[in-house]
Amino acid sequence: MNICVIGSSDLMIDCIKILKKHNINILVVLSKRHSRTKLSNYRDYPQNILKKLNIIYYICDNINFNINIIKKIKKFKADRAFCFGSAWIFKKRHIDCCKHLFNLHSTDLPRWRGGAPTSWRILSGINYSSVTLHKINEEIDDGDIVYSKKFIFPNECNTPAQYDKYTHKIAYEFLAEFIKDFEKNKGQLESKPQQKEFSSYF
């Protein structure tokens, strides 16, 4: 199985390590912005970590308009593509290139669309969240949901860093569980549309 991974985060590297254990071929696409930003847990730039893991990666300004990168993804013949904090809102050109394109969103959808979910949740006094995997379309966090896990933050979570650390722990467990089911079901995923009447975008 071939999987393309797009974006950058500590969680993305954790996911890549899980995929490697399952002997899945991996191709990574980083934005220039991500390639210039060290990951907090790994304390290194993502491309340096990928080199150590012997993962093929490419760096580009904007995946939507880089014909060369799109050709490389097509040649790789990815069965699926997963995004972790992608730097781009995908255009139809890339969605058509990789029809099975998913995003990991670290909170509940459709209620918490967009960025900075931890800050908005703390300001709203909300002590629960979800990790959500959804299909990508040309809108922001709008696609059908294929996998999700709800959880409650423990009382000791008081700061953004503590919230993020706990979310990372849950998301890692979520990914390990998802990849196990993904292999068991031979890549077949059921999906359900988001209830757009409950959506919020901060």
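Which residues do ring pairs link into a cluster? I started from this point, working on a predicted model.

**Entry 1. Aromatic rings**

I found that ring pairs join Phe82, Phe102, Tyr147, Phe174 and Phe178 into a cluster. For the model as a whole I noted a count of eight aromatic pairs. I looked at Phe82 and Phe102 and recorded a stacked pair, with 5.6 Å from centre to centre and 25° between the planes. This pair links distant parts of the chain, since Phe82 belongs to strand β4 and Phe102 to strand β5, 20 residues apart. I checked burial for both and wrote down Phe82 as buried and Phe102 as buried.

**Entry 2. Largest pocket**

I looked up the largest pocket and noted a volume of about 1200 Å³. Its lining has 42 residues, and those closest to the centre are Phe84, Gly85, Leu104, Ser106 and Pro117. I listed the elements that each supply at least two lining residues: α1 (10-21), α2 (32-35), β4 (80-84), β5 (101-105), α6 (117-124), β6 (128-135) and α7 (160-184). Helix α7 gives the largest share, seven residues. Sorted by class, I have this lining as 19 polar, 15 nonpolar and eight charged residues.

**Entry 3. Second largest pocket**

For the second largest pocket I wrote down about 190 Å³. I noted 13 lining residues, with Asp108, Leu109, Pro110, Ile145 and Lys192 nearest the centre. Strands β6 and β7 (145-152) each supply at least two residues of this lining. Strand β7 gives the most, three residues. By class I have five nonpolar, five polar and three charged.

**Entry 4. Helix α6**

Which residues of α6 are buried? I found Pro117, Thr118 and Arg121. I checked what covers the buried residues of α6, and the cover includes β6 and α7. I went back to Pro117, which is also among the residues closest to the centre of the largest pocket. After α6 comes Gly125, and I noted its positive phi, near 70°.

**Entry 5. Asp44**

I looked for Asp44 and placed it in the loop between α2 and α3 (46-52). Is Asp44 buried or exposed? I have Asp44 at a relative accessible area of 15%, so with the limit at under 20% it is buried. Leaving aside neighbours within four places in sequence, I listed Lys38, Leu39, Ile49 and Lys52 as the residues in contact with Asp44.

Terms used
Residues are numbered from 1 along each chain as its sequence is written. This is a predicted model: local features need pLDDT of at least 70, side-chain atom pairs count only at pLDDT 80 or more; totals for chains, interfaces and linings use all residues. Side-chain values use heavy atoms; hydrogens and water are left out. On a 1 Å grid over the protein atoms alone, a cavity is a set of points where a 1.4 Å probe fits but cannot get out, and a pocket is an open set with protein on both sides within 12 Å along at least five of seven lines; lining residues have an atom within 4 Å of a point. Grid points are joined across faces, edges and corners, and a volume is the space filled by probe spheres set on the points. Helices (H or I, at least four residues) and strands (E, at least two) are DSSP runs, numbered from the N terminus. Ala, Val, Leu, Ile, Met, Phe, Trp, Tyr, Cys and Pro count as nonpolar, Asp, Glu, Lys and Arg as charged, and the others, Gly among them, as polar. Rings of Phe, Tyr and Trp (its six-membered ring) pair if their centres lie within 6.5 Å; planes under 30 degrees apart count as stacked, over 60 as edge-to-face and the rest as tilted. Buried means under 20% relative accessible area, exposed over 50%, partly exposed in between (1.4 Å probe, protein chains only). Contact means heavy atoms within 4.5 Å.
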